[in-house]
Amino acid sequence: MEQVPSGGKLVQITVTDGYDLRGYKGDTPVTFVRAEFNQVTLGDSAKITVSSEGTAKYNFTSSFEFNPEGGITLNDIAHNPVFLTVTEVLQKEKKQKDEKNLTIGQAVVDLLPLLEGESSFEMMVPLHPVQGSPLETPRPGSKQCSLEVKVFVAEPLLTAAQVLGSNLLKVTLEGAYSVPESFVPTGTQQNYMVGLQVPSLGEKDCPIFFKNGTLKGDHSKAKACYERTISFVVDASEMHFIFLRLGLIYLEEKEYEKAKKTYLQACKKSPSCLTWLGVGIACYRLEELSEAEDALSEANVLNNYNAEVWAYLALVCLKAGRQLEAEQAYKYTLKLKLKNEALLAEIHTVQEMVGFGDPSF
């Protein structure tokens, strides 16, 4: 887009309130919001206790300077949303030096209205739960958890003439027709991304991604779409959730080598508990026990409240013949209330096979 020949302008993002929030340790958690833009952390809010009604009064303002002559440019605003991450602060346990933080969910604020001549706008953005978050299971009668956000700049970034003369392309995906049977809503709700190729003169096609949709049912048709989407990507850090979804499909279809490779790609750019868990599961299924334990240990360092990590650590220790560690991991699996019944049944089968691992024996 055309650059604006002017000095810097401060863009302010204010998170006023959070609604229908819950935490890992109860309905009134202590939380804070982190704002990030263009791969830079803009700041953290104060630590706020969520009310019994699920409301948090953050009144948190962060900002960045728009300056076309150097720093944040129009292209940055067009291509990068603001990420707002809500995190729960857990109380320190005995002999624990530092507080432990667990991510509850993340919201995305699109700044495109600033490129359409707006100088301020307000929006209610949904807070998307991370896997394992208490927000994944909404309370009966409650609405989707959300954040109230205001964006403000003292004067428009573009004049009316510049808006009319801009080459900003905005595409909205309204609906899908003749949907394959595998997309029929019969299974667990999943996030998905749609990719659209936009041809450009003399250059390779530019992919456009539509995020935050839902895909339900069998994933066999989705796998090809995810693989094609990833083939366009240069920066894997922007595709964290797509790698997670594709890796999960590979695991479900028992393509463990592909699952391992996919999760490792995500680990290189944006490692998380879930990416290392995926590597650990794939390695365990490939009977690479040493690699599986290393990956699961990495996952545990990032989040030791994930029951599935403990479950697979229990399986690894059972297969390795380490009774004490197997029993300890199994205790944490039960304490954290593993929801995967099939995985729990697998642990019991292996325990009976090796003759140890359950302290109740």
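Let's start with a pair of helices: helix α8 (residues 307–320) and helix α10 (residues 341–354) have axes that come within 10 Å and cross at roughly 20 degrees. Angles under 35 degrees count as roughly parallel, and α8 and α10 are therefore roughly parallel to each other. In passing α10, α8 makes a left-handed crossing. On the α8 side, the contact is formed by Glu308, Ala311, Tyr312, Leu315, Leu318 and Lys319. The α10 side contributes Leu343, Glu346, Ile347, Val350, Gln351, Met353 and Val354. Sorted by class, this contact has 9 nonpolar, 1 polar and 3 charged residues.

All of this comes from a predicted model.

**The wider chain**

Stepping back, the chain has 10 helices and 12 strands. Of its 361 residues, 42% are buried. How many of the contacts between residues at least 6 apart in sequence join residues at least 24 apart? The share is 64%.

Over residues 240–273, the chain is 82% helix and 0% strand.

Helix α4 spans residues 240–252, and Phe243 lies in it. Is Phe243 buried or exposed? With a relative accessibility of 2%, Phe243 counts as buried, since buried means under 20%. Phe243 and Ala259 are 16 residues apart along the chain, and their C-alpha atoms are separated by 9.3 Å.

Helix α4 also has a partner in helix α6 (residues 273–285): their axes come within 10 Å and cross at roughly 20 degrees. That angle makes α4 roughly parallel to α6. The crossing in which α4 passes α6 is left-handed. Here His240, Leu244 and Leu251 of α4 meet Leu274, Thr275, Ile281 and Ala282 of α6. By class, the contact of α4 with α6 has 5 nonpolar, 2 polar and no charged residues.

**The two pairs in one view**

Two packed helices are described by the angle between their axes and the distance between the axes. Here are those values for both pairs.

| Helix pair | Axis distance | Crossing angle |
|---|---|---|
| α8 and α10 | within 10 Å | roughly 20 degrees |
| α4 and α6 | within 10 Å | roughly 20 degrees |

To find these helices in the structure, look for α8 at residues 307–320 and α10 at residues 341–354, then for α4 at residues 240–252 and α6 at residues 273–285.

How values were computed:
Residues numbered from 1 in each chain as written. Predicted model: local features only at pLDDT ≥ 70, side-chain atom pairs only at ≥ 80, totals over all residues. Heavy atoms only, no water. Helix = DSSP H or I, 4+ residues; strand = E, 2+ residues; numbered from the N terminus. Axes fitted to C-alpha atoms, helices over the stretch in contact; angles between N-to-C directions. Parallel < 35°, antiparallel > 145°, perpendicular 65-115°, else oblique. Left-handed = near helix turned anticlockwise from the far one by under 90°. Contact = heavy atoms within 4.5 Å. Nonpolar A, V, L, I, M, F, W, Y, C, P; charged D, E, K, R; others polar. Buried < 20%, exposed > 50% of the residue type's maximum accessible area, 1.4 Å probe, protein only.
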